[in-house]
Structure formats: C-alpha cells, structure tokens
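Please read this briefing alongside the sequence and the model.

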Amino acid sequence: MAEPAVLPRTAIVQRGRRLEYFTIVWNLLEGLIAVAAGAVAGSISLLGFGLDSFIEVTSGAALLWRMAVDSDVRRRELHEKRAQQAVGICFLTLAAFIAYQSAADLWFRRAPAHSLPGIVLASVSLLVMPVLSRAKRKVGSALGSAAMHADARQTDFCTYLSAILLGGLLLNALLRIAWADPLAALLMTPIIAKEGVDTLRNKPCPDCHANLDQPAL
C-alpha cells in the first residue's frame, strides 16, 4: 500500500534536484559577472554581491546532495540535519561577510561605482530569485525538509541583497548618496545571523507537514 507514495516523492525530489542545479549554475554565472563588473568599475558592492553568489553555490551543493540521498530512508533524518547545518554555516558566513564589507564601506566612505552591467544584473536577479524561492518552499513543504526551506530563505536574502545593490547603485548614480547601500546591508546582518543560528539548531519549519502520499507540485 505504501508503493503509490514512492512515485510522488521521487518526482518531488527530482524537482528539488533541478532547482538546486539551477541555483548552482545561476549563482556561478551571477558571481562571475558581478566580480568581473565590480573589478572593472572598482565597485566593492558588486564584488561583495559576487562573493555572496559563491556562498549560495555552497548552500545549493549541500541541498543537491540532500536530494541525491533522499532515497536512503533510514538515514534521511541524519542527512536532513547535515544539510541544514551546511546551510546554517552559509548563513553565518554571509552575515559576517556583509557586516565586514558594509562597516568598511561606511568607515572609508566607499561609494558604489557607476556600473550598467551591475544594474542589469541586480534587476534580473530581483525577477528570478523570488520565483526560485517559492519553488523551493513548495518542495520543502512537500518533503518535510527544513533544510530546503532554509535554502529558500537564503534565496530570499539574495533577493534583498539584489534590491540593496540596485538601490545603492541607482542612488549613488542619480543622487550621489554613497552611504545608503552599505547601511541597508549592515541592517540586514542580524536577521541573517539569527536565521543561521536557528538553522544550525535544526529548528523545524512550521510549513513542513505536507502529506507525502500526495503529489505536492
């Protein structure tokens, strides 16, 4: 009688794997473009955005592994905890990096440089990341995976950082307000750090109670 539940879960896991493959490829390309554009424009904000993308690659790789070993039912809970811990470490690394970069930008009064590629990249990321985050949440709820939900939250933060980057570049280009970008990013760090601590504690997500006997997507 349990056999009908296998196919829906397998399909959901495959969806999760495709999402993580997309996450890894997207963030690799995003990171390379941001770092290159930041180097050309001398923009610390763009460089930081690129490094954040590489941190998300690590998180995506952890979730890809989690999806790959989902069929091992006996060790599924252990794999879930390990993936969740990896995402939590990525959160804390991201928070530390943003705090350092933002504080340095404010102290040395470094302004985001004018960069059309940076503006285009941040704008496209603002469109793609919310869609990706929603898709990850659906998979996380269907599988009962707090790790996938945490990864979705990290994708949310990528959306926020894209908005901060875009706002900083535009405010500096149009109004010469150099401090808006690092200050906004700095205010985000306690939220990101708390998310990292909660994830490392294997805090369960409130939405991870879907019926696995039913197709979720």
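**Aromatic rings**

Phenylalanine 91 is buried, with a relative accessible area of 0% (buried means under 20% relative accessible area, exposed over 50%, partly exposed in between, using a 1.4 Å probe and protein chains only). This is a predicted model, in which local features need pLDDT of at least 70 and side-chain atom pairs count only at pLDDT 80 or more, while totals for chains, interfaces and linings use all residues. Residues are numbered from 1 along each chain as its sequence is written, and side-chain values use heavy atoms, leaving out hydrogens and water.

- Phenylalanine 91 and phenylalanine 157 form an edge-to-face aromatic pair, 5.8 Å centre to centre with 90° between the planes (rings of Phe, Tyr and Trp, the last by its six-membered ring, pair if their centres lie within 6.5 Å; planes under 30 degrees apart are stacked, over 60 edge-to-face and the rest tilted).
- Phenylalanine 91 lies in helix H3 and phenylalanine 157 in helix H5, so the pair ties together parts 66 residues apart in sequence (helices are DSSP runs of H or I, at least four residues, numbered from the N terminus).
- Phenylalanine 157 is buried, at 2% relative accessibility.
- Ring pairs link Phe91, Phe157 and Tyr160 into a cluster.

**Threonine 155**

- Threonine 155 is found in helix H5, residues 146-175.
- Threonine 155 counts as buried because its relative accessibility is 1%.
- Beyond its neighbours within four places in sequence, threonine 155 is in contact (heavy atoms within 4.5 Å) with Glu56, Met129, Leu132, Ser133 and Lys136.

Conventions: Helices (H or I, at least four residues) and strands (E, at least two) are DSSP runs, numbered from the N terminus.
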